[in-house]
Amino acid sequence: MDSFLNQLLRDKFLSETCLSSGYIQFGSGPDWYDPLCFDLTQQTNDADYAIVQWDHEQILCNSKIRVLKTIAPSFEALVMRIIK
């Protein structure tokens, strides 16, 4: 568990930007840089959150948040898609 957390927090600027902007990182893309996050700004009616992937280069180079894509409209939807 420590190594997983260390990977997520290895870039302090990136992880702090996620949290301060309303995103909770729980994973990363295949290159371990484009963060996968719960988007706390997109809450569903049943208190679930969209899952998004950020563009890390926009954050690090331009200090701008840019969502590459919405992975799923909610965590439940993501889990259901994986189960199917």
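Predicted model: local features only at pLDDT ≥ 70, side-chain atom pairs only at ≥ 80, totals over all residues.
Residues are numbered from 1 along each chain as its sequence is written, and side-chain values use heavy atoms, with hydrogens and water left out.

- D55 lies in the loop between strand 3 and helix 3 (56-62) and R66 in the loop between helix 3 and strand 4, so the pair ties together parts that are eleven residues apart in sequence. Helices (H or I, at least four residues) and strands (E, at least two) are DSSP runs, numbered from the N terminus.
- D55 counts as buried at 11% relative accessibility, whereas R66 counts as partly exposed at 40%. Buried means under 20% relative accessible area, exposed over 50%, and partly exposed in between (1.4 Å probe, protein chains only).

- Four strands form an open sheet in the order 1-2-3-4, with antiparallel pairing; two strands pair if DSSP finds at least two bridges between them.
- Strand 1 (23-28) and strand 4 (67-72) each have a single partner strand, so one side of each is left without a neighbour in the sheet.
- On average, neighbouring strands of this sheet are turned by 35 degrees against each other, direction ignored. Axes are lines fitted to C-alpha atoms, for helices over the stretch in contact, and angles run from 0 to 180 degrees between N-to-C directions.
- Strands 1 and 2 pair over five bridges, with G27 opposite L36 in strand 2.
- Strands 2 and 3 also pair over five bridges, and F38 has I51 in strand 3 as its bridge partner.
- The hairpin of strand 2 and strand 3 has five residues between the strands, and A47 there takes a positive phi near 60 degrees.
- Strand 3 and strand 4 pair over four bridges; I51 stands opposite A72 in strand 4.

**Helices on the sheet**

- Helix 2 (residues 12-20) packs on the sheet, touching strand 1, strand 2 (35-43) and strand 3, and its direction makes about 135 degrees with that of strand 1. Contact means heavy atoms within 4.5 Å.
- The buried residues of helix 2 include L14, S15, T17 and C18. Seen down the helix axis, its buried residues fall within an arc of 160 degrees, so they line one face; the arc is that of the directions from the helix axis to the C-beta atoms.
- Exposed K12, L19 and S20 are on the face of helix 2 turned away from its buried side.
- Helix 4 (residues 75-83) lies across strand 2, strand 3 and strand 4, at about 65 degrees to strand 4.

- W54 is in strand 3 (residues 49-54) and is buried, with a relative accessible area of 0%.
- Not counting residues up to four places away in sequence, W54 touches T17, C18, S21, Y23, D34, P35, I59, I65, R66, V67 and L68.
- The largest nonpolar core has seven residues: L14, C18, Y23, C37, V52, W54 and I59. Helix 2 and strand 3 are the elements that give two or more residues to this core. A nonpolar core is a set of buried Ala, Val, Leu, Ile, Met, Phe, Trp, Tyr and Cys residues joined through side-chain atoms within 4.5 Å.
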